[in-house]
Amino acid sequence: MRIIVCLKQVPDPTSSSSGTTVDTEAKRVIVPQGTPPVMNPYDENALEAALLIKDAQGATITVISAGKNLAKPVLRKSIASGADELILLDDAAFENLDSYATAHLLAAVIKEIGEYDLILCGRQASDTDAGQVGSGIAAILKIPGITAACKVDPQNGKVMVERVVSDGIEEVESSMPALITVSSELGELRYPGVKEIMAAQRVPITVRKAQELGVDVSQMKKPNLVRLSSPPGRKAECQFIECETPEEAGTDLALKVKEAQIL
Amino acid sequence: MAEYKGVMTYCEIVEGSLPSITYEVLGCGRKLADELGQELCTVLVGSDAENLAQEAIACGVDKVYVVEDPLLKEYQTDAYVSVMEKIIGQVMPQVLIMGQTSVGRDLVPMLAFRLDTIATLDCVDLAIDPDSKQLLQTKPVYGGNALATYTCDSYPQIATVRDKVMSPSEPDASRQGEVIAIDAGLEPSVIRARLLKKIKDEEDGIKLEDAQVIVSGGRGIGGAEGFNQLQELAVLLNGAVGASRPPCDNRWLAPSRQVGITGKIVSPDVYIAIALSGSIQHLSGCGQSKSIIAINKDPEASIFKYADFGVVGDWKKVLPAFKDKLKELLP
């Protein structure tokens, strides 16, 4: 079983969630200074899906990431967690790639790899929230694409997938190779041990540039960013209920919301 | 450039009828078609879609394309993408819009790449640029910390719209339109990923998206048992229970109970957020609530920035007292 996991490096969404500002002039989002780069949390779920398969039946896992000035120590965590190989497509040309270019770039590299049974991606990235790269790679490679998986189980040459939909769970069976996007319900990425983290330092990483890949992202179709603005915030002035004990606060809260005719 | 013209909407069908998001998509589609001075058409796909055609016409559609085939009974990516690719090839619309639903999220990216065009998902505003006549697609990025407006130069220009944002179309039965049947021409072999089974969550009581009161819990609830207490309050208030992402990821609650950018968009009269920090991703799903009441032991929790009433304290102590007093007060 050969599994490819596509992984994006993003500014840590937990620490960038407050304090992120918008430079409308330059049309750029400015995350607070010191926000560390991390692996996109949904891609971590995809890596965990691959690792669960490796645990159960053995697999070789290749992780691919594309971007500019990728943080090797951050992405090396994928090796420490149990991936076998890490390929970085690192080039100034790969800064802030949109979904269209990312899918075409990754698909080109995957085509070159040639042999694979599954491609796993996160359902979306925490910065752009586009949710298109996975399906895009599937469409370009002309393989089945299954989205929002919470369980991935290859058996007898097919893959059984449980996917999260708005009113429940769907069970889908697909031929392989297939591309599957993974949702957070699958489970968080395991924590590597100190021994694994140390061992991962010695695993060589393949770094590749735009020119040798023969992919010119500047020539690709792309969306035009016309405007970037701050969203209108919800305006609320919180009336805090302050009492001696939490029980009294609960009672008082009931009185206050009744009085305000909210309930 | 071949002639791409008109606005196409995809009419999602749920259990034989049109859900509210479909009315919103039709309302938005009509607005865009009027801005362009062009026709609005819609696509109804399913195994028994034709009887909804008149309803779509009443909602402002000029032409309804109906595709019926036993293979289209349930949504399956490969079958639906093939059908849409075929219809778009025939009709060549300038704009295609549909809802940001489980179907929209799955169908649109695959379709856009197959058509070699660019799509924008989860839009909160769509308009036609008066000069270029291009579709202006506005969507939240960075978890909702910024709003980005895009255009693209390739056709069709495809977008999905967020639930409960666009003004729904008001049906008018006197409207006239044309119904055109299209042969799906589907070979079963097109379907590579087959739907075997759908396991629906049990709906006990009011649906989350329809509830006027929602009692939502976060990571701080600590486990599935805690949600029983939230359920009691929800029953008392004739509402529904929701959650932020962590409780759903931990399966304390079904994934379909998630409110937020990767879950459901809700806009109840009252949203009661308990032990829930209020990440921007979660607020994207509940920020439109008329009133928000928050209970959280962390005074710095960002939910208080959005709440109308707040209690800083341990929910396990606050909630029972709140519930008991409400029982007394409510008729």
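Q: Two residues are in contact if their C-beta atoms, placed from the backbone, lie within 7 Å; what share of the contacts in chain B with a separation of 6 or more comes from residues 24 or more positions apart?
A: In chain B that share is 65%, and in chain A the corresponding value is 71%. This is a predicted model, in which local features need pLDDT of at least 70 and side-chain atom pairs count only at pLDDT 80 or more, while totals for chains, interfaces and linings use all residues. Residues are numbered from 1 along each chain as its sequence is written, with chains lettered from A and ligands numbered from 1 in the order in which they are written.

Q: What makes up the secondary structure of chain B, and why is chain B called as compact as a globular protein of its length?
A: Chain B has 8 helices and 16 strands, where helices (H or I, at least four residues) and strands (E, at least two) are DSSP runs numbered from the N terminus. Its radius of gyration, taken over C-alpha atoms, is set against the globule rule, 2.2 Å times the number of residues to the power 0.38. The rule gives 20 Å for 331 residues and chain B has 22 Å, which is close, so chain B is as compact as a globular protein of that length. Along the principal axes, its C-alpha trace spans about 65 × 45 × 40 Å.

Q: What share of each chain counts as buried?
A: A residue is buried if 20 or more other C-beta atoms lie within 10 Å of its own, exposed if 12 or fewer, and partly exposed in between. By this count 57% of the 331 residues in chain B are buried, and 50% of the 263 residues in chain A.

Q: What makes β6 and β7 of chain B a pair?
A: Two strands pair if DSSP finds at least two bridges between them, and 4 bridges join β6(B) to β7(B), residues 135-141, in an antiparallel run. L126(B) stands opposite Q137(B); in β6(B), L126(B) and I128(B) form the covered face, with D125(B) and A127(B) on the uncovered one.

Q: Which strands pair across the two chains?
A: Strand β11(A) is joined to β11(B), residues 193-200, by 7 bridges, and the two run antiparallel. Within this pairing E171(A) has K197(B) as its bridge partner.

Q: How many residues of each chain are in contact with the other chain, and which element gives the largest share on the side of chain A?
A: In all, 69 residues of chain A are in contact with 75 residues of chain B. The largest share of the side of chain A comes from α9(A), with 11 residues. By class this side has 34 nonpolar, 22 polar and 13 charged residues, with Ala, Val, Leu, Ile, Met, Phe, Trp, Tyr, Cys and Pro counted as nonpolar, Asp, Glu, Lys and Arg as charged, and the others, Gly among them, as polar.
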